[in-house]
Amino acid sequence: KLFEDTLAGSRRLEAELLLAAVLGCPRIRLYVDFETPVPPDKLEQLREYVKRRGEAREPLQYILGSTQFIDLQLKVNKHTLIPRPETELLALWAVARVGEVFSANQAPQIQDNSAHQEKKIFKALDLCTGSGCVALYLASKCPQAQMHATDISAEALSVAAENACALRLTPNVSFHHGDLFAALSPDHKGSFDIIVANPPYVDPATRNELAREVSDHEPSQALFADEKGLATLNRILAGAGEWLKPGAWLGLEFGFGQADAVRERAESAGVFENIEILPDAAKIPRFFIARRRF
């Protein structure tokens with residue numbers, strides 16, 4: 001009964017959001033104007049939206065053209081993954097690490113030299129940025145950070161750049177088109193204070209087990225990876241040490257059942273310490289956290 005009630009509530013919420021989008025008004029306005037008829041042209045558009053959602057199982061976020069990521073409103077479309085709540089935890093972790101570095105850097109200095117201290121520049125890298133959600137959240141909360149973001153999809157990077165512009169964060173983020181670290185100039189090697197990534201990590205063999213909203217609509221390139229979902233994660237773990245400063249952080253999101261394999265690959269790389277596997281809100285192991293050895 002609870003599940004049925006929740007499902008019914010979710011459908012009602014989605015219908016209200018679609019109607020609010022059609023009418024171009026806040027959702028609360030639907031209750032204020034409850035008895036106001038929907039104009040025929042708007043009703044036709046609503047029917048099309050409901051058909052896309054109900055029959056084609058297109059994600060609500062793609063129909064609306066945007067989604068919420070923590071406190072950011074972001075454009076999304078078929079070229080970008082829809083940001084998940086789990087990835088919000090990765091972004092919050094990254095912001096906390098930046099705060100720790102700057103707190104340590106701002107410890108009291110010798111008074112005679114304090115006016116001449118060089119301003120700390122914190123360099124961060126977001127691999128497989130997609131809509132730019134992690135990179136832009138980090139840039140919005142840490143204006144002192146020099147943010148870089150890469151993606152193999154030019155279309156996804158275009159969406160991320162649009163989001164940066166809409167959020168007035170363009171000066172804070174540099175976008176690079178290419179495959180992981182290959183998108184970057186060699187000049188960046190050994191310069192990053194933190195690298196984060198929510199890479200493709202779904203096993204292609206499980207495609208038929210996914211909801212149609214995911215398998216039929218979200219970009220396969222951003223979802224699936226060879227080697228049972230581990231191929232991209234393994235490449236990041238093998239290469240990250242070359243791009244991180246000594247003592248810098250790496251944070252990765254991975255999939256269900258992949259924790260042991262990710263830890264083993266990180267340990268075999270021989271460059272990480274303080275390795276942790278952290279859970280998501282559902283207590284499922286979801287994040288790899290480690291520092292590059294000094």
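Modeller: Start with Cys133. Cys133 is buried, with a relative accessible area of 7%. Buried means under 20% relative accessible area, exposed means over 50%, and partly exposed is in between (1.4 Å probe, protein chains only).

Colleague: Before we go on, what kind of model is this?

Modeller: This is a predicted model: local features need pLDDT of at least 70, side-chain atom pairs count only at pLDDT 80 or more, and totals for chains, interfaces and linings use all residues. Residues are numbered from 1 along each chain as its sequence is written, and side-chain values use heavy atoms, leaving out hydrogens and water.

Colleague: And Cys128, buried or exposed or partly exposed?

Modeller: Cys128 is partly exposed, at a relative accessible area of 21%.

Colleague: How many disulfides are there?

Modeller: The count is 0. A disulfide here is a pair of cysteine sulfur atoms within 2.5 Å.

Colleague: New topic. How many aromatic pairs are there?

Modeller: There are 4. Rings of Phe, Tyr and Trp (its six-membered ring) pair if their centres lie within 6.5 Å; planes under 30 degrees apart are stacked, over 60 edge-to-face, and the rest tilted. One of the pairs is Trp93 with Trp249. That pair is edge-to-face, with 6.1 Å centre to centre and 85 degrees between the planes.

Colleague: Where do Trp93 and Trp249 lie?

Modeller: Trp93 is in helix α5 (residues 85-105) and Trp249 in strand β7 (residues 244-253), so the pair ties together parts 156 residues apart in sequence. Helices (H or I, at least four residues) and strands (E, at least two) are DSSP runs, numbered from the N terminus. Both Trp93 and Trp249 are buried.

Colleague: Which charged end sits over the ring of Trp249?

Modeller: That of Arg97, 5.7 Å from the ring centre. The rule: NZ of Lys or CZ of Arg within 6 Å of the ring centre and within 35 degrees of the ring normal. Lys123 has its charged end over the ring of Phe192, 4.8 Å from the centre.

Colleague: Last one, α3. Which residues of α3 are buried?

Modeller: Leu46, Tyr49 and Arg53. They cover an arc of only 60 degrees around the axis, so they are on the same side of α3. The arc is taken from the directions from the helix axis to the C-beta atoms.

Colleague: What does the face turned away carry?

Modeller: The exposed residues Pro40 and Asp41.
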